[in-house]
Amino acid sequence: MTDISERNKLILEAIIEDYISTAEPVGSRAVTKRHGLTLSPATVRNVMADLEEMGFLVSPHTSAGRVPTDKAYRFYVDSLLAVRRIDKAERERIRKRYVGAGRDIGAVLHETSRLLSSVSHYTGIVLAPRFSATIFRHIEFVKLGGRRILAILVADNGAVQNRLIESDEEFSSEELIRMSNYLNELLVGVPVGQVRMRMLEEMRNEKVLYDKLLARALQFSEQSLNDDGAQIFIEGQTNILEQPEFADSRRMRDLFRAFEEKNQLVGLLDRCLDAQGVQIFIGAETHLSQMEGLSIITSTYLTGKNTLGVLGVIGPTRMGYAKVIPIVDYTAKLVSRLLEGE
């Protein structure tokens, strides 16, 4: 923890909150006028110089004022911020957005990204559950033209995954039904991530060794599960472009590239899966060069004790943390309850 006096904390907090609301470098006179501090502008200037030396503030070339650094925001979030409770009216507005969404996980998560964007006025982001993190409920093989087969997998949380299989031989609809029934009896209730192990065990079964159809069923199910790409919902990218610090064309390009290259965002959100509750990455802490000047506030959503995915808000480092943190926290808890069917 950085050693900083109470007076310096007050001035740093005043500068950060002014910069959050104005996006303009903050001068000593603004601090004394807006915050009623019984200190002279000269004293405040000296403190600001000390804070700059400690790495909390920087001086833009075109202004006599100061701007907070990532280090300042981290100190502010960890030590100074009083996170307000989300009020009853706001909770009700958020809940109403889910009326009619039902338990379809895709609909719920897509609506969540839109909701987070509209309520925060930044960018809403949701990482959907990977299919391998779910529990197997049902598989069905549907005969298409020729030797093409559609495998439809359903998880216990309602997630559906479709896979197209190119078979080297043709099967009748009746044979595909028999395969589906066999796999459903074998795999129901098994975590999808453990299905392959269960199939390997079954392949050693004598019954399978002498039954070509059952062996093919196991092969088909493995092909159906071999792609576990992450799905991510992003809404409100243009909200960030409306912030003055992203007005120049280079920053715009970098920002859109960051949103287009979803693998990097998925990697960042994956880091949040192991930690329950709200996580805050400020500026360089994201380790994504294209997200310079941005912060992300996330929380996991779950069913029971099983973490399903991550949701959150991306905004400028000067975002209103006191407002956004409780929105993300409440929304994650609400989504968890919706997916559990409460």
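The domain assignment divides the protein into domain 1 (6–80), domain 2 (88–130 + 230–340) and domain 3 (132–224), with bounds that come from an automatic or database domain assignment. The C-alpha centres of domain 1 and domain 3 are 62 Å apart. The model is predicted, so to speak of local features requires pLDDT of at least 70, side-chain atom pairs count only at pLDDT 80 or more, and totals for chains, interfaces and linings use all residues. Residues are numbered from 1 along each chain as its sequence is written, and side-chain values use heavy atoms, with hydrogens and water left out.

Two helix pairs are worth a look. Packed helices are described by the angle between their axes and the distance between the axes. Here helices (H or I, at least four residues) and strands (E, at least two) are DSSP runs numbered from the N terminus; axes are lines fitted to C-alpha atoms, for helices over the stretch in contact, and angles run from 0 to 180 degrees between N-to-C directions.

Helix α6 (residues 105–120) and helix α14 (residues 321–340) have axes that come within 11 Å and cross at roughly 165 degrees. That makes α6 roughly antiparallel to α14 (an angle over 145 degrees). The crossing of α6 past α14 is right-handed, meaning that the near helix is turned clockwise from the far one by less than a right angle. On the α6 side, residues including I105, V108, L109 and T112 meet a set in α14 that includes K323, V324, I327 and V328, where contact means heavy atoms within 4.5 Å. By class, this contact has twelve nonpolar, three polar and one charged residues; Ala, Val, Leu, Ile, Met, Phe, Trp, Tyr, Cys and Pro count as nonpolar, Asp, Glu, Lys and Arg as charged, and the others, Gly among them, as polar.

Helix α2 (residues 28–35) packs with helix α3 (residues 41–53) at an angle of about 115 degrees, their axes 8 Å apart, again in a right-handed crossing. S28, R29, V31 and T32 in α2 meet P41, V44, R45 and M48 in α3, giving four nonpolar, two polar and two charged residues.

Twelve salt bridges are present in the structure, each a side-chain nitrogen of Lys or Arg within 4 Å of a carboxyl oxygen of Asp or Glu. K9 pairs with E6 in this way, with the closest N and O atoms 3.2 Å apart. Both lie in helix α1 (residues 6–22), three residues apart, about one turn of the helix.

Finally, the backbone: most residues other than glycine have a negative phi. H121, in the loop between α6 and β3 (123–127), has a positive phi near 70 degrees.

How values were computed: Angles under 35 degrees count as roughly parallel, over 145 as roughly antiparallel, 65 to 115 as roughly perpendicular and the rest as oblique.
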